[in-house]
Amino acid sequence: MSSTQVAAAALSGGSPRVALQVAQNILNRSPDDVPALRIRGDALTQLAHNDDAAAAFQRALSKDPNSAHGKIGLARIRLTTNPTEAASLFRDALRTEPNNA
């Protein structure tokens, strides 16, 4: 099992702090690792660190502009602060991955 898989499993198992730690270890070695950036964003969102989560998703999107996961993660954060941007991000994610509805 890869470190990314461990982080994803920790996140889905309800341990965002563990997921965040594993993702950060990956990013320390490889700062542009898009899956680790997305997991970092998801973990920070679960921990209610929305500004840091948004930064992680934005960095992931700067490396992979077609990342539906990154767009959805950022959109969820923007729902309360910028619903127009959130709607645009959700639409973009749906165009990128039409079966991800």
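1. D52 lies in helix 4, residues 50-63 (helices are DSSP runs, H or I, of at least four residues, numbered from the N terminus). This is a predicted model, where local features need pLDDT of at least 70, side-chain atom pairs count only at pLDDT 80 or more, and totals for chains, interfaces and linings use all residues. Residues are numbered from 1 along each chain as its sequence is written, and side-chain values use heavy atoms, with hydrogens and water left out.

2. With a relative accessible area of 44%, D52 is partly exposed (buried is under 20%, exposed over 50%, partly exposed in between, with a 1.4 Å probe and protein chains only).

3. Now to the salt bridges (a side-chain nitrogen of Lys or Arg within 4 Å of a carboxyl oxygen of Asp or Glu): the count comes to 4. One of them joins D32 and R59 at 2.4 Å, N to O. This pair links distant parts of the chain, with D32 in the loop between helix 2 (16-29) and helix 3 and R59 in helix 4, 27 residues apart.

4. D32 also forms a salt bridge with K63, with the closest N and O atoms 3.7 Å apart. Together, D32, R59 and K63 are linked in a network of salt bridges. D32 is partly exposed at 39%, as are R59 at 35% and K63 at 40%.

Definitions and conventions. Helices (H or I, at least four residues) and strands (E, at least two) are DSSP runs, numbered from the N terminus.
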